[in-house]
There are 2 protein chains.
Amino acid sequence: MITSPENAKLKLVRKLGSRRWRDKLGLFVAEGEDLVDAARAAGWEPVEVLVAGENVAPELLAQVSTLAHPPRVIGVFRTSEGTTGAAVADAAPADGLALWRVADPGNVGTLARAVDAFGGTLRLSDGCADPFGPKALRASMGSIFRVPLLEFELPPGSVALLAHGATPLHGLDLEVGSNFVLGSEREGLPPEIVERCDAVATIPLPGRAESLNVAMAGTVALYEASRRRAIQTVSSPPVKARRSNHP
Amino acid sequence: MITSPENAKLKLVRKLGSRRWRDKLGLFVAEGEDLVDAARAAGWEPVEVLVAGENVAPELLAQVSTLAHPPRVIGVFRTSEGTTGAAVADAAPADGLALWRVADPGNVGTLARAVDAFGGTLRLSDGCADPFGPKALRASMGSIFRVPLLEFELPPGSVALLAHGATPLHGLDLEVGSNFVLGSEREGLPPEIVERCDAVATIPLPGRAESLNVAMAGTVALYEASRRRAIQTVSSPPVKARRSNHP
């Protein structure tokens with residue numbers, strides 16, 4: 001039972017509150033049973049698990065927690081386990097999201113949840129919020145452990161989502177694939193990124209608000225691609241569909 | 001120039017940090033030029049405006065602010081101005097969102113922004129986060145001032161959004177209207193509310209995440225209704241469309 005705040009494991013958890021240390025050590029902290037369970041269910045092996053009242057004094061665990069209601073369990077994991085997603089992504093079509101300098105951890109986490117819900121991969125550029133930071137992890141509701149996390153790239157089928165002026169999303173030809181590319185909260189996408197995409201699209205907003213936030217826009221785009229696939233599946237001849245499922 | 005922290009206006013701003021006082025006095029605080037400008041542009045007249053360096057010492061304004069970067073301007077407004085939206089709503093079809101005990105202010109604010117972007121009204125039940133609280137206001141990006149805010153009700157055309165098991169949203173008949181009803185973050189919608197709706201729908205999630213958060217689900221529903229209307233408009237005979245625009 002850990003009873004000293006100077007314990008090395010507690011010191012490690014405190015350090016991992018900063019992105020600099022997470023990047024340096026390749027480790028991060030998942031707080032709470034829901035997140036730790038989600039990680040394990042997705043095959044992530046914790047480096048350390050601290051359980052209040054079992055191997056650490058509850059008040060000490062509470063002190064190193066970032067949560068208002070301290071968790072019963074804290075797990076330390078390797079960020080490198082996230083790259084196992086790369087194998088999945090190689091096999092999958094270029095569907096999902098590529099985020100360019102999306103700085104808010106809540107947005108990165110929410111979009112990980114959206115990708116996990118609709119299917120696909122999540123690509124993050126430099127300058128994005130750390131997906132393994134506490135806020136992003138919480139907003140992802142554990143999806144960070146299930147989504148293939150990749151480097152920012154613009155594979156064939158990349159669609160730049162712009163706030164204004166491009167083809168309406170619902171009128172866009174999504175046959176090539178749908179890797180939706182979203183820009184930063186303040187600046188959007190720079191022209192050099194937009195130019196490298198195969199298509200540009202806008203979510204038409206008939207109301208008065210100028211824009212959606214990036215998490216809402218990305219979720220709507222994933223929904224639209226998913227809806228189209230669902231319609232295609234339904235309208236394909238059933239025999240053909242059966243054949244391609246059981247070759 | 002206000003130079004004492006005991007000044008009555010500063011005391012009022014501090015009080016309005018709590019919902020109890022906002023409800024009691026029927027007043028709330030908008031922090032920052034963007035929000036105060038959005039309010040004025042939407043026709044809301046401030047009861048008080050405090051401007052750092054003009055009528056209040058900057059350090060005192062910073063002290064009463066809830067923001068990490070203190071604003072230059074703080075405005076105090078009457079919540080009752082929001083009810084002017086009711087007139088707009090009476091004339092509009094039953095489109096928009098009805099939120100049942102959505103407790104997170106970020107979700108309420110984000111959904112106000114979505115309603116403002118796609119058009120419609122926002123209905124809030126008891127137990128919803130205060131739309132005039134600081135976090136909801138910020139998440140709304142000023143949309144709270146433009147969206148017709150109404151009491152929770154289930155007008156004809158109400159569609160309960162469930163996380164699982166109902167008609168896919170994209171297959172739903174939205175002809176009656178589309179007042180999407182969303183439940184609380186933890187519990188969803190209680191059966192007695194679902195029963196009073198005209199239809200139930202689910203956003204199909206082919207991936208692994210169990211659900212979207214309520215703000216994302218509401219935004220997707222508004223997008224779907226808006227997309228259908230856009231398609232209908234395009235496919236109507238142009239002459240007829242022109243006639244109804246210029247009677």
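1. First, a term you'll need: a salt bridge here is a side-chain nitrogen of Lys or Arg within 4 Å of a carboxyl oxygen of Asp or Glu. By this rule there are 24 salt bridges over all chains, and 4 of them run between chain A and chain B.

2. A word on what you're looking at. This is a predicted model, where local features need pLDDT of at least 70 and side-chain atom pairs count only at pLDDT 80 or more, while totals for chains, interfaces and linings use all residues. Residues are numbered from 1 along each chain as its sequence is written, chains are lettered from A and ligands numbered from 1 in the order in which they are written, and side-chain values use heavy atoms, with hydrogens and water left out.

3. Take a look at Arg208(B) and Asp116(A), whose side chains meet in a salt bridge at 3.5 Å, N to O. Arg208(B) sits in the loop between β10 (199-202) and α9 (214-235) of chain B and Asp116(A) in helix α6 of chain A, so this pair joins two chains (helices, H or I, of at least four residues and strands, E, of at least two are DSSP runs, numbered from the N terminus). Asp116(A) is buried at 0% relative accessible area, whereas Arg208(B) is partly exposed at 46%; buried means under 20%, exposed over 50%, partly exposed in between (1.4 Å probe, protein chains only).

4. Then there's Glu224(A). Its salt bridge with Arg227(A) has the closest N and O atoms 2.7 Å apart, and both residues lie in helix α9 of chain A, 3 residues apart, about one turn of the helix. Glu224(A) also forms a salt bridge with Arg227(B), at 4.0 Å. Glu224(B) pairs with Arg227(A), again with N and O 4.0 Å apart. Glu224(B) is in helix α9 of chain B and Arg227(A) in helix α9 of chain A, so that pair joins two chains.

5. How much area do chain A and chain B bury between them? About 2700 Å², 62% of it on carbon and sulfur atoms; buried area is the accessible area (1.4 Å probe) that two parts lose on being put together, summed over both. Arg113(A), Arg208(A) and Tyr223(A) supply 24% of what chain A buries against chain B, more than any other three residues.

6. Finally, contacts (heavy atoms within 4.5 Å): 32 residues of chain A touch 32 residues of chain B.
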